[in-house]
Amino acid sequence: RTLDTPSGPVEYWRVIRMLATSYSASTAGTPKTSSWYGRTATGMKMRHGIVAVDPRVVSLRSEVYVPNYGIGIAGDTGGAIKGQRIDLGYDDHNLVLWYRWVDVYLLTPVPDRVNYVLDH
(Lines give C-alpha, C1' and ligand atoms only; values in the text may rest on other atoms or scores of the structure.)
Protein backbone atom coordinates (compact mmCIF):
# COMPACT_ATOMS: atom_id res chain seq x y z
CA ARG A 1 0.00 0.00 0.00
CA THR A 2 1.05 3.59 -0.46
CA LEU A 3 0.72 6.47 2.01
CA ASP A 4 1.06 10.10 0.93
CA THR A 5 3.30 12.02 3.36
CA PRO A 6 4.59 15.62 3.41
CA SER A 7 7.92 14.26 2.07
CA GLY A 8 6.27 12.22 -0.69
CA PRO A 9 4.64 8.80 -0.94
CA VAL A 10 5.94 5.83 1.07
CA GLU A 11 5.15 2.17 0.50
CA TYR A 12 4.21 0.11 3.55
CA TRP A 13 3.12 -3.42 4.30
CA ARG A 14 1.66 -3.13 7.83
CA VAL A 15 0.34 -0.54 10.30
CA ILE A 16 0.69 -1.02 14.05
CA ARG A 17 -0.86 1.26 16.68
CA MET A 18 1.93 2.08 19.15
CA LEU A 19 2.54 4.31 22.16
CA ALA A 20 5.18 6.82 21.06
CA THR A 21 7.62 8.45 23.45
CA SER A 22 10.86 10.26 22.63
CA TYR A 23 14.48 10.42 23.72
CA SER A 24 17.93 11.72 22.86
CA ALA A 25 21.46 10.68 23.81
CA SER A 26 21.38 12.88 26.92
CA THR A 27 18.01 11.51 28.12
CA ALA A 28 18.78 7.82 27.41
CA GLY A 29 20.31 7.20 30.85
CA THR A 30 23.87 6.46 29.68
CA PRO A 31 26.54 8.60 31.38
CA LYS A 32 28.51 10.91 29.06
CA THR A 33 31.68 9.27 30.36
CA SER A 34 30.66 5.85 28.99
CA SER A 35 32.27 4.65 25.78
CA TRP A 36 28.82 3.80 24.37
CA TYR A 37 27.28 7.24 25.13
CA GLY A 38 25.30 8.36 22.09
CA ARG A 39 25.35 4.87 20.53
CA THR A 40 22.35 2.65 19.97
CA ALA A 41 21.94 -1.09 20.58
CA THR A 42 22.88 -1.67 16.91
CA GLY A 43 25.93 0.62 17.15
CA MET A 44 24.40 3.53 15.25
CA LYS A 45 25.00 7.11 16.37
CA MET A 46 21.95 8.46 18.22
CA ARG A 47 20.13 11.13 16.20
CA HIS A 48 16.78 12.12 14.74
CA GLY A 49 15.59 9.28 12.54
CA ILE A 50 16.69 6.47 14.87
CA VAL A 51 13.84 4.80 16.75
CA ALA A 52 13.85 2.28 19.58
CA VAL A 53 11.52 -0.70 19.25
CA ASP A 54 10.88 -4.13 20.67
CA PRO A 55 12.55 -6.37 18.06
CA ARG A 56 9.79 -8.96 18.62
CA VAL A 57 7.36 -6.40 17.14
CA VAL A 58 9.51 -4.46 14.62
CA SER A 59 12.64 -5.97 13.08
CA LEU A 60 15.84 -4.10 13.89
CA ARG A 61 17.28 -2.11 10.98
CA SER A 62 13.91 -1.92 9.23
CA GLU A 63 12.34 1.41 8.27
CA VAL A 64 9.14 2.85 9.71
CA TYR A 65 7.11 5.97 9.08
CA VAL A 66 5.54 7.88 11.97
CA PRO A 67 3.22 10.82 11.13
CA ASN A 68 4.61 14.14 12.43
CA TYR A 69 8.04 12.52 12.91
CA GLY A 70 8.98 11.06 9.54
CA ILE A 71 10.93 8.01 8.48
CA GLY A 72 12.92 6.23 11.14
CA ILE A 73 15.29 3.30 11.24
CA ALA A 74 14.60 0.72 13.94
CA GLY A 75 18.11 0.96 15.34
CA ASP A 76 17.72 0.80 19.09
CA THR A 77 16.00 -1.05 21.90
CA GLY A 78 15.27 -0.01 25.46
CA GLY A 79 14.38 -1.43 28.84
CA ALA A 80 10.91 0.15 28.79
CA ILE A 81 10.32 -0.42 25.08
CA LYS A 82 8.31 -3.62 25.17
CA GLY A 83 5.44 -4.67 22.93
CA GLN A 84 3.65 -1.93 21.07
CA ARG A 85 5.93 0.94 22.17
CA ILE A 86 8.21 3.08 20.05
CA ASP A 87 10.76 5.63 21.29
CA LEU A 88 11.46 8.34 18.72
CA GLY A 89 15.06 9.49 18.64
CA TYR A 90 16.21 13.10 18.46
CA ASP A 91 19.43 15.05 18.57
CA ASP A 92 20.00 16.69 21.98
CA HIS A 93 19.41 20.19 20.59
CA ASN A 94 16.00 19.48 19.03
CA LEU A 95 14.29 17.02 21.42
CA VAL A 96 10.51 17.07 21.06
CA LEU A 97 8.58 15.35 23.86
CA TRP A 98 6.11 12.67 22.77
CA TYR A 99 3.63 10.63 24.73
CA ARG A 100 0.73 9.59 22.52
CA TRP A 101 -0.68 6.72 20.50
CA VAL A 102 0.24 6.79 16.81
CA ASP A 103 -0.04 4.61 13.73
CA VAL A 104 3.41 3.26 12.83
CA TYR A 105 3.79 2.23 9.19
CA LEU A 106 6.25 -0.62 8.53
CA LEU A 107 7.87 0.28 5.22
CA THR A 108 8.70 -2.11 2.43
CA PRO A 109 10.41 -4.38 1.73
CA VAL A 110 8.57 -7.01 3.75
CA PRO A 111 11.14 -8.94 5.84
CA ASP A 112 11.92 -12.51 4.73
CA ARG A 113 10.81 -13.73 8.14
CA VAL A 114 8.21 -11.96 10.25
CA ASN A 115 8.52 -12.70 13.98
CA TYR A 116 6.32 -10.40 15.97
CA VAL A 117 4.13 -10.36 19.02
CA LEU A 118 1.24 -7.94 19.33
CA ASP A 119 -0.36 -7.26 22.69
CA HIS A 120 -4.10 -6.90 22.87
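## R1 and its contacts

Leaving aside neighbours within four places in sequence, R1 touches V10, E11 and Y12, where contact means heavy atoms within 4.5 Å. R1 itself sits in the segment before β1 (2-5). Strands here are DSSP runs of E with at least two residues, helices are runs of H or I with at least four residues, and both are numbered from the N terminus.

Is R1 buried or exposed? R1 is exposed, with a relative accessible area of 71%; exposed means over 50%, buried under 20%, and partly exposed in between, using a 1.4 Å probe and protein chains only. For a sense of distance, R1 and Y90 are 89 residues apart in sequence and 28 Å apart in space, C-alpha to C-alpha.

## About the model

Please keep in mind that this is a predicted model, in which local features need pLDDT of at least 70 and side-chain atom pairs count only at pLDDT 80 or more, while totals for chains, interfaces and linings use all residues. Residues are numbered from 1 along each chain as its sequence is written, and side-chain values use heavy atoms, with hydrogens and water left out.

## Strands and their pairing

The chain has seven strands and zero helices, so its radius of gyration of 14 Å can be set beside the 14 Å that the globule rule gives for 120 residues: the chain is as compact as a globular protein of that length. That radius is taken over C-alpha atoms, and the rule is 2.2 Å times the number of residues to the power 0.38.

Strand β7 (residues 99-107) pairs with strand β2 (residues 8-24) in the antiparallel sense over nine bridges; two strands pair if DSSP finds at least two bridges between them. Within this pairing, R17 stands opposite D103 in β7. Strand β4 (residues 63-66) also pairs with β7 in the antiparallel sense, over two bridges, and V64 stands opposite L106 in β7.

## The chain as a whole

Along the principal axes, the C-alpha atoms fill a box of roughly 45 × 30 × 25 Å. Of the 120 residues, 42% count as buried. Among contacts with a separation of 6 or more, 70% come from residues 24 or more positions apart.

The chain exposes about 7,000 Å², and carbon and sulfur atoms supply 50% of that area, computed by the Shrake-Rupley method with a 1.4 Å probe. As for charge, the mean positions of the 13 positive and 11 negative charges are 5 Å apart. Lys and Arg count as positive and Asp and Glu as negative, without His and the chain ends; each charge is placed at NZ of Lys, CZ of Arg, CG of Asp or CD of Glu.
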